[in-house]
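Have a look at the picture first, and then we'll go through the parts.

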Amino acid sequence: MKISNIDAYQIYDSRGFPTLEVEVELENGVSACGLVPSGASTGQFEALELRDGDKTKFRGKSVYKAITNVKEEIAPALIGKSVFDQQKNDLLMIELDGTENKSRLGANAILGVSMAMAKAAAAARGEALFEYLGKGEGNLIPLNEIQILGGGAHAGWATDIQDYLVIAVGAKTYEETLEMTHNIYHTAGELMKKLGKCVGIADEGGWWPDYKDNEEPFEVLMEAIKLAGYEPGKDVAISLDIAASDLYDGEHYRFKLDNKVFTRDEFYDLMSAWCKKYPIISIEDPFADTDFENWKRLQAELGHKVQIIGDDLFTTNIKRIEQGIDQGLANSVLIKLNQIGSVSETIDAIRLTQKAGWLPVVSARSGETEDAFISHLAVATNAGQLKVGSFARSERQVKWNENLRIQRKLGDKARFVGAALYKTIFS
Ligand code: 2PG
Ligand code: MG
């Protein structure tokens, strides 16, 4: 089944920023679109998101160059190729780009084509995307990691910590994780409003808080879990994304809200102390992407009972994940399609993570679209976990809802293991 046409045009993400939609059309008339997400707290090792930078157009954020690259360079190279050769076609685009970080054509241009190609191929086979990507092997409905409070780059630095999240570790079914999170999300919102601590909604749908320091939110989180009728640690655990690269100047970590400066040792002590003081089951980017020593130390101290996830640390990049595995820097990898810029490389990153006995957590970006590609990717690869921001706003809900549909389609074959997946990394 050959690709007959590829088109691209500008659409708008959940923040109203320009992004690309790419349409891949096949010789039998079937077509599909890939919608490209965009981060705010991006890692320095991510593949490059090409923006025009012309201040007179969408304040520098338009993506017309990336669109032109799809139409004038990628399309002529891929038209006539088999849509089922995902890996070969992704590689062709990577070679056509010719740079280490996809900076010539743009990772957004390449990813849009890559996603649309996979969706068109699935449609041509009459399969759901998860079936096509997983070659029929994917059936694990993921455990959700859901944001209750948003801070950092997603909420005007209302807190220095980026995400305060929950994981329904006691849930027996996927539906139950959603119900538990719904209850906690709304209880937390009501509580914060009553206390005068809620300013609005952050970029990923969590509550935008107004606190004096970065530790106060733990109290509302613990209280909301209890008020919603759950036991912290047993039914529901806390998860954090510190996004610490944003707090690090090469020597010190800084909390603006608390007006505190930490040496690397002091910051280590704080991260380690929080993991012991609160029922934290998972912590992402507790240290900067260059502070390997602290990563290694935390993994050695707490990696047997806390999920330690590298996001900016690894940027879904095979070489960086391999380095992390060699050096024992963490036990889990956040997986984001646009950090690396193609579907094949993303799946390779997941497989590498799993082979090492680590856990992949498939993730959305803070700037999202109505595309539910990642829900399919998580099930297709049996990744086990999905992080999509909060439990509000349609660009988030479309992903949670898609997993309900996937589960329904899988019927008896669907599996949900919940927190039992942690057995893989905990001893
Ligand atoms: C993260 C993501 C999603 P962003 O840091 O994990 O929460 O944020 O897309 O802004 O990098
Ligand atoms: Mg992160």
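Which residue in β7 is the bridge partner of Gly 200? Trp 208 is the one. Before going further, a word on the ground rules: this is a predicted model, so local features need pLDDT of at least 70 and side-chain atom pairs count only at pLDDT 80 or more, while totals for chains, interfaces and linings use all residues. Residues are numbered from 1 along each chain as its sequence is written, chains are lettered from A and ligands numbered from 1 in the order in which they are written, and side-chain values use heavy atoms, with hydrogens and water left out.

**Strands**

Back to that bridge. Strand β6 (residues 198-201) pairs with strand β7 (residues 207-209) in the antiparallel sense, over three bridges. Pairing here takes at least two DSSP bridges between the strands, and the elements themselves are DSSP runs numbered from the N terminus: helices are H or I with at least four residues, strands are E with at least two. β6 and β7 make a hairpin with five residues between them, and Gly 205 in the turn has a positive phi of about 95°.

Strand β2 (residues 18-26) is joined to β3 by five bridges in the antiparallel sense. Across that pairing, Glu 21 stands opposite Leu 35 in β3, and Glu 23 faces Cys 33 in β3. The β2-β3 hairpin has four residues between its strands, with Gly 29 in the turn at a positive phi of about 95°.

**Helix pairs**

Two packed helices are described by the angle between their axes and the distance between the axes. The axes are lines fitted to C-alpha atoms, for helices over the stretch in contact, and angles run from 0 to 180 degrees between N-to-C directions.

| Helix pair | Axes come within | Crossing angle |
|---|---|---|
| α2 (residues 86-97) and α3 | 10 Å | roughly 165° |
| α7 (residues 264-277) and α8 (residues 292-302) | 11 Å | roughly 30° |
| α11 (residues 343-355) and α12 (residues 373-380) | 11 Å | roughly 40° |

For α11 and α12, that angle makes α11 oblique to α12. As for the cut-offs, angles under 35 degrees count as roughly parallel, over 145 as roughly antiparallel, 65 to 115 as roughly perpendicular and the rest as oblique. α2 and α3 are therefore roughly antiparallel to each other, and α7 and α8 are therefore roughly parallel.

What does the contact of α2 with α3 consist of? Gln 86, Asn 89, Asp 90, Met 93 and Asp 97 in α2 meet Ile 110, Val 113, Ser 114, Met 117 and Ala 118 in α3, where contact means heavy atoms within 4.5 Å. By class, these residues are five nonpolar, three polar and two charged. The classes work like this: Ala, Val, Leu, Ile, Met, Phe, Trp, Tyr, Cys and Pro are nonpolar, Asp, Glu, Lys and Arg are charged, and the others, Gly among them, are polar.

On α11, Val 343, Thr 346, Ile 347, Ile 350 and Arg 351 meet Phe 373, Leu 377 and Ala 380 of α12. That contact divides into six nonpolar, one polar and one charged residue.

**Metal site**

The magnesium ion (ligand 2) has Asp 241 (OD), Glu 284 (OE) and Asp 311 (OD) as its protein donors, lying 2.0 to 2.2 Å from it. Donors are N, O and S atoms within 2.8 Å of the metal (3.2 Å for Na, K and Ca), and water is not among the atoms, so sites may look incomplete. In sequence, the donor residues are spaced D-x42-E-x26-D. Asp 241 in strand β8 (residues 237-241) and Asp 311 in the loop between β12 (307-310) and α9 (318-327) link distant parts of the chain, 70 residues apart.
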